[in-house]
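Here is my note on the charged side chains, for you to read with the structure open beside it. Please follow the points in order and find each residue as it comes up.

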Amino acid sequence: MFSEKDLAERSVEEMSLEAEELQAESKRLRESYEAALLREGELRRKSVETRPTNAEAAEVLWQETERIKDEGREMLRISLEMKLRAAEIRHRVEIHDQVQSLNNYDEVWQKAARAGRK
């Protein structure tokens with residue numbers, strides 16, 4: 001699940017952009033998967049309707065639906081992986097932001113403590 005990008009130092013903006021891109025691609029693949037499901041259902045119905053008159057054509061249609069089903073599952077799998085990867089990146093960005101806010105808190109506290117002494 002890790003990539004070479006995880007080993008390189010990147011800015012928060014780069015990580016946020018990557019997460020957005022992954023989310024968009026995940027959404028596109030999910031929509032393609034849903035379209036494949038619809039196409040699969042149509043072809044299966046057509047195969048069943050064709051079987052009494054032309055068994056060979058019906059078998060070709062059925063094999064096509066199986067291919068579409070396999071491709072659809074793969075699209076869904078990749079979509080979910082991308083969604084998880086985007087969530088991991090967003091989590092890292094949130095952790096970074098929390099650390100930054102703690103660093104800023106310390107600076108503000110130290111400045112306030114110094115100002116009170118003067």
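1. Please begin with glutamate 81, which counts as partly exposed because its relative accessibility is 35%, and bear in mind throughout that the model is a predicted one. Its partner in a salt bridge is arginine 77, with the closest N and O atoms 2.5 Å apart, and arginine 77 is likewise partly exposed, at 38% relative accessibility. Helix α2 holds both arginine 77 and glutamate 81, which are 4 residues apart, or about one turn of the helix.

2. Helix α1 has a pair of its own, since arginine 28 and glutamate 25 lie 3 residues apart there, separated by about one helical turn. These two form a salt bridge in which the closest N and O atoms are 2.6 Å apart. Arginine 28 is partly exposed at 42% relative accessibility, and glutamate 25 is partly exposed at 26%.

3. Which parts does the salt bridge between glutamate 18 and arginine 85 tie together? The two side chains meet at 3.7 Å, N to O; glutamate 18 belongs to helix α1 (residues 12-50) and arginine 85 to helix α2 (residues 55-117), so the pair ties together parts that are 67 residues apart in sequence. Both glutamate 18 and arginine 85 are buried.

4. Glutamate 18 and arginine 85 also belong to a network of salt bridges that links them with Arg10 and Glu88. Across the whole structure, the search finds 13 salt bridges.

5. Turning to the rings, arginine 44 lies over the face of tryptophan 62, at 4.3 Å from the ring centre, whereas the structure holds 0 aromatic pairs.

Methods:
Residues numbered from 1 in each chain as written. Predicted model: local features only at pLDDT ≥ 70, side-chain atom pairs only at ≥ 80, totals over all residues. Heavy atoms only, no water. Phe/Tyr/Trp six-rings, centres within 6.5 Å; stacked < 30°, edge-to-face > 60°. Lys NZ or Arg CZ within 6 Å of the ring centre and 35° of its normal. Salt bridge = Lys/Arg side-chain N within 4 Å of Asp/Glu carboxyl O. Helix = DSSP H or I, 4+ residues; strand = E, 2+ residues; numbered from the N terminus. Buried < 20%, exposed > 50% of the residue type's maximum accessible area, 1.4 Å probe, protein only.
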